[in-house]
Amino acid sequence: MASRRSALGRGLEALIPRSGEQPAGEAVASAGLEAEGGALELPVERIVPNPEQPRRHFDAGELERLAESIRRHGILQPVVVRRAGEDWELVVGERRWRAARAAGLGTIPAVVADVASRDRLELALVENVQRRDLNPIELALAFHALAQAGATHDQIGGRVGLDRSSVSNHIRLLDLPRAMQEDVEEGRVSFGHAKALLSVSNPERRRTLRDRIVRDGLSVRQTEEAARAVSGVKPRRRREAEPAPDADTRQLLDGLRDRLKTRVRLVGGVGRGRLEIEYFGPEELHRISAIILGEA
């Protein structure tokens, strides 16, 4: 699985190995299935959903619109399945499969892939992330499941094209009460609002702030400010602008930069402050240290 995980950024084709038994061979012929363009026509009723499907909510209106499109134009992209005993289990394409059933289709084009059970969640997650089909709670649950299976937040982020902090912030949403998670799932509260709610540890105050978000339509910034207020956190004071160095100080800094061949910065003022000298790597640190200590 290691080679597939490193390929996740390149799309699903790089992740899904075609089965060595399908679509050609005795198994296809004995099942009476037809293969065309690398895909089989599989009976819709013999396909079962992926138990690791991270998407929990399928909009009825969207499914009906897709079903109507399928009635008119057919299915343009096959689903991906794997063998599950005498039937097939969905790996990718549950929305198309549901819409095909709603459209009354008897068969659906499918590609049979050799996918291990432990990899079903990852593939379904990548497909949904690429299509932006998951709400933040569905992402959180999927990321949490991958983490429980041993993946680090860095590794999960690499697989789905997100940075580590985004993965961590999504998983933290699961610390919210279930009712607030439902708010996020149903769009009453955004991901940004939810992050602000997490900063309020008192359950009653958190609930009151949630009610204000829904009732008053607070923006994310307003919610963050309210969260700091109810938690007793004082707003951060802006740093005062540092005074510009005088001519003598500028000359001194220029001399240091020329001597050390690196960036030198004065933080504070001549009366009190600190001198920052940049270096990049151990060799440069030793070079600069030797100059300062008079060993160069």
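In which sense, parallel or antiparallel, do strand 4 and strand 6 pair? They pair in the parallel sense, over three bridges.

## About the model

This is a predicted model, so to speak a computed picture: local features need pLDDT of at least 70, side-chain atom pairs count only at pLDDT 80 or more, and totals for chains, interfaces and linings use all residues. Residues are numbered from 1 along each chain as its sequence is written, and side-chain values use heavy atoms, with hydrogens and water left out.

Two strands pair if DSSP finds at least two bridges between them.

Strand 2 (residues 39–43) runs antiparallel to strand 6, joined by four bridges. Here Leu40 sits opposite Ala110. Strand 6 is mostly covered, with five of its six residues buried (under 20% relative accessible area; exposed is over 50%, partly exposed in between, with a 1.4 Å probe and protein chains only).

Helix 14 (residues 282–292) has Glu284, Ile288, Ala290 and Ile291 as its buried residues. They lie on the same side of the helix because they cover an arc of only 160° around the axis, taken from the directions from the helix axis to the C-beta atoms. The face turned away from that buried side carries exposed Pro282, His286 and Ile292.

What do the buried residues pack against? Helix 13 (247–260) and strand 8 (273–277), with contact meaning heavy atoms within 4.5 Å. Just after helix 14, Gly294 takes a positive phi of about 75°.

Methods: Helix = DSSP H or I, 4+ residues; strand = E, 2+ residues; numbered from the N terminus.
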